[in-house]
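Visitor: Please take me through the pocket and the aromatic pairs, setting each label against its definition.

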Amino acid sequence: MLRIHDTRAGQVVPVQFGRLVRIYTCGPAVHRRAHLGDLRTHVLSDLVRRILERRRARVLACRNITDVGHLNDSEGDHEDAFRADATALNLRPPEHTPRASENVEPMIELVAKLVERGHAYTAPDGSVFFDVSTFPAYGELSGDRPEEPRPADWALWEPGDGELSWDSPWGRGVPGRHVACSALSLRFLGPAVDLHLGGIERCFPHDEAERAQSDAATGHEVVRHWVHGERLLFDGRAGSDVVLLSDVTAAGLDPLAVRMAFLEHHYRRRLDLTWDTLRAADRTLRRWRSRVAEWAESPSAPMAAGHVERVESALGDDLDTPAALRVLGELERDGSVPPGAKLEAFLHVDQVLGLDLPIDIGKAPTLPAGGQTWA
C-alpha cells in the first residue's frame with residue numbers, strides 16, 4: 001500500500017494501482033540551468049517511481065522538455081546540463097522525454113478540440129484563449145478561494161513569426177505556456193494518468209490550467225492524483241538565487257549529498273538548504289558507504305527484516321523519508337544486529353533511496369591526509 005498527499009483532495013490518500021502506473025512530471029525549461037529547487041521535484045518523482053517498482057508495479061513515465069515559448073537569442077539550451085544533473089542524482093530516465101518543439105501538432109489539435117467543444121475562443125489578432133467560465137471545476141486543485149477574484153482566461157495560442165513559430169488554423173504563432181503538458185501527457189500516456197508530479201509553485205496557474213485543458217478536451221478527469229513538493233530555498237533565497245548542482249560538486253561535495261539532504265526532509269515541507277546542511281549530508285553519505293564496505297567483509301547473514309519493514313512502512317506512508325533514514329541510523333548503531341544483516345538491509349533499501357551506498361565495497365580504505373603505507 002502506498003499513501004500519498006493528493007493536492008486536489010487536500011489529504012493523504014491511498015494510491016490504488018495495477019501492474020502499470022502512468023506518471024507525468026513537468027520537465028525542465030531549457031532557457032536556464034536547472035537549480036536545486038527544480039531538481040528537488042525530479043528527485044521526488046524518482047523516489048515515487050522506485051517505491052512503486054519495489055511494489056512490483058511497472059512504471060510508464062513521461063517528463064517533457066520545455067523548449068517553446070521561453071527562448072530568445074540571448075538564452076542557451078541547457079538540456080544536456082539537465083541530463084547530466086539527472087544522471088548525477090541517480091534519476092532513472094523516463095520512458096518518454098518529448099520536446100515541446102517536436103510535438104506542436106498535437107498541441108494544435110488540442111487547441112482545435114477545445115475551440116470545437118466551446119471551451120476556447122479566438123481573438124481578432126489570431127490568439128486563442130481558454131474560456132474559464134466553461135470549466136466550473138477551475139480552482140479545485142489550487143484551492144482558489146471564492147472571495148478572491150477569478151483569474152482571467154489564458155492563451156492557448158499566440159501569434160508570432162519568429163524562428164520558433166508554426167502555422168496553425170489561426171495563423172502563424174506559438175502554443176501558450178500551459179498547452180504542452182496537456183498535449184504531451186495525453187499523447188504519450190493516454191487519457192488516464194495515475195500520478196502527476198511537480199513543484200508546488202506550478203500548482204497555480206500552470207497545473208490548474210493543465211487540468212482544465214485536459215479534462216475539457218476529454219470530457220473526464222484525466223489525472224487521478226496530483227502530487228506537489230514544497231519549495232526549496234538556499235540560505236533563505238529562492239528562485240534563481242538557489243545554487244546549481246555544479247556549485248555543489250565544485251565545493252568538493254558528492255552530488256548525491258544533495259539527494260541525501262532532500263531525503264532528510266519531508267517533500268511537503270519547505271526546505272531551506274545551507275552549505276552546512278549539505279556538508280552534513282555529505283558526511284553521512286560517506287560514512288554509510290564506509291560502513292557498508294566494512295560490513296561487506298563480514299560473514300553473510302539474513303537481512304535485518306524488522307528494520308527494513310519499518311523503512312518500507314515509512315516510505316509507503318506519504319514518502320516519509322526522514323523517518324526511513326532514522327530507522328537506518330538506528331540499524332547502523334544497533335550492536336545486536338550482525339554486520340552481514342546490516343549490509344543486506346542497507347543494500348536492499350538503497351534500491352529505493354538511490355544513494356549508491358555499495359560504491360566503496362572492495363575499494364582500499366582512503367588514507368587521511370599525510371598518511372602512509374608500509375611495505
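Visitor: What makes the largest pocket a pocket, and how much space lies in it?

Guide: About 750 Å³ of space lies in the largest pocket. A pocket is an open set of points on a 1 Å grid over the protein atoms alone where a 1.4 Å probe fits, with protein on both sides within 12 Å along at least five of seven lines; lining residues have an atom within 4 Å of a point. Of its 36 lining residues, the closest to the centre are Ala29, Arg32, Asp38, Glu201 and Arg202. The model is predicted, with local features requiring pLDDT of at least 70 and side-chain atom pairs pLDDT 80 or more, while totals for chains, interfaces and linings use all residues. Residues are numbered from 1 along each chain, and side-chain values use heavy atoms, without hydrogens and water.

Visitor: Why is the pair of Phe130 and Trp154 called stacked?

Guide: Rings of Phe, Tyr and Trp (its six-membered ring) pair if their centres lie within 6.5 Å; planes under 30 degrees apart count as stacked, over 60 as edge-to-face and the rest as tilted. The centres of Phe130 and Trp154 are 4.6 Å apart and the planes are at 10 degrees, so the pair is stacked.

Visitor: Why is the pair of Phe234 and Trp275 called edge-to-face?

Guide: The ring centres of Phe234 and Trp275 are 5.4 Å apart and the planes are at 75 degrees, so this pair is edge-to-face.

Visitor: How do you know whether Phe234 is buried or exposed?

Guide: Buried means under 20% relative accessible area, exposed over 50%, and partly exposed in between (1.4 Å probe, protein chains only). Phe234 has 0%, so Phe234 is buried; Trp275, with 25%, is partly exposed.

Technical notes:
Grid points are joined across faces, edges and corners, and a volume is the space filled by probe spheres set on the points.
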